[in-house]
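User: I've got this model open and would like to talk through its geometry. Let's take it one piece at a time.

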Amino acid sequence: MNGIGTATPTARYTKADCWEAFQNSEWFLRLDARARAVTRTVLERDNGIESRRLSLGSLAEVFQIDPDTLHQRFIASAPVLAAQAGERALDDAQVNAREIDAIIVSTCTGYLCPGLSGYVIETLGLRTGVQAIDLVGQGCAAALPNMRLGSALLASEQCQHVLSICVEVSSAAMYLDNDPGVLVSACLFGDGAGAAVLSQTAGPRRRRIAWKDSESLIDPTTRNALMFEQRQGMLRNILTRAVPTLAAEYAHRVLAAVLRRGNLSNSQISTWIMHAGGRDVLLALERRLGLEASDFRYSAAMLREYGNLSSAFVYFVLQAALADGAPGGWWWLSSFGAGFSCHGALLEVA
């Protein structure tokens, strides 16, 4: 992994901003008293999130919820964010856009045909002969399958450089009703994109990040715990109370499998690059993995500033750890989400 790049919309909204906008919207009276109470609790308590970046001119726009408006929001924002993150990753890796042999783009918050990869190819000036792969439907977990596919392309020796991108415009998947899971989702997710340049050989950057081993776990029997459904032509997020426990259990099983193969232990992992999901998910991970809150400091910091960025989140955490000069050695990178799915990768950082 030679370079990392991230991108978010410029507009930053705090929890207080969101609560005020909700109170001033027509939805405040359209939802029942219990729904208003749930929303207030989430936005006024310490839920691990202080602010989010959203692709909106004002928070009033978030309450314009119809299929055409949401699709236009996605098509206006997703290609821009994806290209910005990709360009920054290329700059960080000191790799020219024309050197990219394959591009992999993941998203779950909107649909385009032709896919997002074509927009990024056009904006960044990639070669027209580049392998372009669009992945959809993997939710918050998508970063690791994306990178694992990139690693396979490198191992096949078909590619020298692969551009990996995850982009989510969660404000284009907005849905409101009286269901507590729907309301919590509306208060957790932000917009953003992350990118990485994956290469056959280490580049000139100061630190070398090598993908050493990985593991995946997908349990379709728990699919209904966390998923999108289509309702009235829009994406409606299903988020249940089981998610923190499921995320922690599956993250533990994936980690244990890789550590066992490498004859390693938790104590030998120097840096944890974890998808956060939310504060309750981080607490469940801390308990199940037997770790301290400080072990997830980078995940917690990104969650507090940006909210849950879905598939793009782990790129932000990885970037934060690198920027902070986190100690080298074994790093653990893990994402989980819809499916219910969990993925993990053992990285060697020098």
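User: Is Q94 buried or exposed, and at what relative accessible area?
Analyst: Before the number, a caveat: this is a predicted model, where local features need pLDDT of at least 70, side-chain atom pairs count only at pLDDT 80 or more, and totals for chains, interfaces and linings use all residues. Residues are numbered from 1 along each chain as its sequence is written, and side-chain values use heavy atoms, with hydrogens and water left out. The scale calls a residue buried under 20% relative accessible area, exposed over 50% and partly exposed in between, with a 1.4 Å probe and protein chains only. On that scale Q94 is exposed, at 59%.

User: What is phi of Q94, and where is the residue?
Analyst: Q94 sits in the loop between α4 (67-93) and β4; helices (H or I, at least four residues) and strands (E, at least two) are DSSP runs numbered from the N terminus. Most residues other than glycine have a negative phi. Q94 isn't a glycine, yet its phi is positive, near 55°.

User: Which loop holds N263, a residue with positive phi that is not a glycine?
Analyst: The phi of N263 is about 55°. N263 also counts as exposed, with 69% relative accessibility. Its loop is the one between α8 (243-262) and β11 (269-274).

User: What is the omega of the peptide bond from C113 to P114?
Analyst: Most peptide bonds are trans. P114 is in the loop between β4 (102-107) and α5 (116-124). The bond from C113 to P114 is cis, with omega near 0°.

User: And what about omega for G339 to F340?
Analyst: F340 falls in the loop between β12 (329-337) and β13 (341-349). The bond leading from G339 into F340 is cis, its omega near -15°.

User: How do α1 and α3 run relative to each other?
Analyst: α1 (residues 15-23) and α3 (residues 33-44) pack at about 160°, axes 9 Å apart; those axes are lines fitted to C-alpha atoms, for helices over the stretch in contact, with angles from 0 to 180 degrees between N-to-C directions. Angles under 35 degrees count as roughly parallel, over 145 as roughly antiparallel, 65 to 115 as roughly perpendicular and the rest as oblique. The two helices are therefore roughly antiparallel.

User: Which residues of α3 make the contact with α1?
Analyst: Contact here means heavy atoms within 4.5 Å. From α1 come K15, C18, W19 and F22. Across from them, α3 supplies R36, T39, R40, V42, L43 and E44.

User: Which strands stand at the edges of the open sheet?
Analyst: Four strands line up as β8-β13-β12-β11, with mixed pairing; two strands pair if DSSP finds at least two bridges between them. The twist averages 20° from one strand to the next. Two of the strands have a single partner each, so one side of each is left without a neighbour in the sheet: β8 (209-218) and β11.

User: How many residues of α11 are buried?
Analyst: α11 spans residues 313-323 and is mostly covered. Its buried residues include F313, Y315, F316 and L322. Of the eleven residues in α11, the buried count is nine.
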